[in-house]
Amino acid sequence: MVMIIQTYGTMLLKAMGHTLLLCLLSLVFATIIGMIFGLMNVGHNRLLNFIGTVYVDAVRGVPLIVLAYFIYFGIPAGIQSLGFTGFKMDALQAGTIALSMNCGAYMAEIVRAGIQSVDRGQMEAGRSLGLSYGAGMALIVVPQAVRTMIPSIINQFIITLKDTSILSVIGFPELTNVGKTIMGNTFKNLQAWAIVGIMYLIVITLLSKVSKRIERRINRGR
Amino acid sequence: MADNKDVKISVKNLKKSFGTLEVLKDISLEVTEGEVVVLIGPSGSGKSTLLRCLNQLEKATSGQIMIDGFDVTDKHTDINKVRENIGMVFQHFNLFNHLNVLKNMTLAPVHLKRLSKEDARDKAMQLLERVGLSDKAQAYPSQLSGGQKQRVAIARALEMNPDIMLFDEPTSALDPEMVGEVLAVMKELARDGMTMMVVTHEIGFAREVASRVIFMEGGYIIEEGTPEEVLDHPKEPRTIDFLSKVL
Ligand SMILES: Nc1ncnc2c1ncn2[C@@H]1O[C@H](COP(=O)(O)OP(=O)(O)O)[C@@H](O)[C@H]1O
Ligand SMILES: [Mg+2]
């Protein structure tokens, strides 16, 4: 155990950094995707509803690992076959896209549920004062929805952090991938995976603690 | 433009359906400036729907609705602009739960640039004084009683300086001891010359301040006239039947 930490310590920390980078990028994009598709789903435009539903159902209906393979191998192959032979995508880009799309679909559902949890009378009161639909959403509905959404968002963030490990399959040197390498070099299955597991545990525990604090602050400051 | 400048609300052959359910069957009415029209009728008769069609919270299925000379059923009318001049008070108050009383009142006029922040604040404080809630400016809706919430909701609507006010059963969700304080604010508003349409079961209020009472049932206006005519000497059997149940 000590030997592994001594020899592979920096490598593991760097891998943790990659995991966090991938996770952070994905969360940012997923939040944007979730907002856009979530709002599309609660509006009254049939076409937008349809697009939103198709996106959410399609992404949720495909395992993340398949989505990652599709984006990392499938898309470049398709683009190259169109004649753009130089097209490449690195594992971080592909991983970020796959994870953002996946997490974004779940975030869209969280946004939709959050907005629908706000009483319709809130929007109606805003509209009756002359506010546009957009202003009513931005100033009245979303601020109230966010409060009910926070526990689910935190939960989704933690799931996404764990899901980064799935992207070891496309060769991105994140924590799980590096765990595999160490295991291959040392054949110390038990120790290597224990260390990797504990590292995930520490980061996720910290993330939950920070989130809980944010959650409390938002609930208090109203 | 309406031919008569005094006409604030003019409804012609309004019909409204929800899917296959026709809720308003053929409604025509006019409300002139300063009139207080009280709408009564059994539950489900379409009173709320009629009120909500006036500011287009519900889209009319057919017919014409003119407000202040603007045809609100016309797609080209800027409905948001027209709504700025029509205050609406809801049965369940619908105060913005995440904002304090002051913010509830100033949000729309400031966002819509009707008033500067300072002016909106000053005006809000004056209105709160008028409804007897000066000390509640910083309170959140959850800290108010039902009667206080409804008075804030009225003040919030007045903050936009509307020339028409719509009330949809403003006292129905209140404990009996709070009904009076809300009705008092509404009576004062009526005396000050506000054009009002009020859905209510408060027959006493109708007697005291209504210029006209309209009885609705099944999506039709069955009978209308002065409070004495409709409440004391109703002609239609359905009006008589309804009044015998609520009086
Ligand atoms: N959004 C809606 N969708 C479907 N039906 C509705 C809707 N709003 C009202 N209704 C129906 O329209 C009828 C009239 O309702 P309403 O105008 O609320 O009556 P009132 O206010 O006189 O009690 C009722 O049968 C009600 O169920
Ligand atoms: Mg009603």
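**Reading strand, cavity and rings**

Author: Start with the strand β7(B), where the bridge partner of B:Met88 is B:Leu166. This is a predicted model: local features need pLDDT of at least 70, side-chain atom pairs count only at pLDDT 80 or more, and totals for chains, interfaces and linings use all residues. Residues are numbered from 1 along each chain as its sequence is written, chains are lettered from A and ligands numbered from 1 in the order in which they are written, and side-chain values use heavy atoms, with hydrogens and water left out.

Reader: Which strands pair with β7(B), and in which sense?

Author: Two strands pair if DSSP finds at least two bridges between them. Strands (E, at least two residues) and helices (H or I, at least four) are DSSP runs, numbered from the N terminus. β6 (residues 86-89) of chain B pairs with β7(B) in the parallel sense over 4 bridges. β8 (residues 195-199) of chain B also runs parallel to β7(B), joined by 5 bridges. There, B:Asp168 has B:Val199 as its bridge partner.

Reader: Is β7(B) buried or exposed?

Author: Buried means under 20% relative accessible area, exposed over 50%, partly exposed in between (1.4 Å probe, protein chains only). In β7(B) (residues 164-168), 5 of 5 residues are buried.

Reader: Which way do the residues of β7(B) point?

Author: In a regular strand the side chains alternate between the two faces of the sheet. Here B:Ile164, B:Leu166 and B:Asp168 point one way, and B:Met165 and B:Phe167 the other.

Reader: What lines the largest cavity?

Author: Rolling a probe the size of a water molecule over the atoms shows where empty space is left. On a 1 Å grid over the protein atoms alone, a cavity is a set of points where a 1.4 Å probe fits but cannot get out; lining residues have an atom within 4 Å of a point. The search finds 1 cavity of 30 Å³ or more. About 50 Å³ of space lies in the largest cavity. Its lining includes B:Leu127, B:Arg130 and B:Glu188. α6(B) gives the most, with 3 residues.

Reader: How many aromatic pairs are there, over all chains?

Author: Rings of Phe, Tyr and Trp (its six-membered ring) pair if their centres lie within 6.5 Å; planes under 30 degrees apart count as stacked, over 60 as edge-to-face and the rest as tilted. The structure holds 4 aromatic pairs over all chains. The A:Phe37 and A:Tyr55 rings have centres 4.1 Å apart and planes at 10 degrees, so they are stacked.

Conventions. On a 1 Å grid over the protein atoms alone, a cavity is a set of points where a 1.4 Å probe fits but cannot get out, and a pocket is an open set with protein on both sides within 12 Å along at least five of seven lines; lining residues have an atom within 4 Å of a point. Grid points are joined across faces, edges and corners, and a volume is the space filled by probe spheres set on the points.
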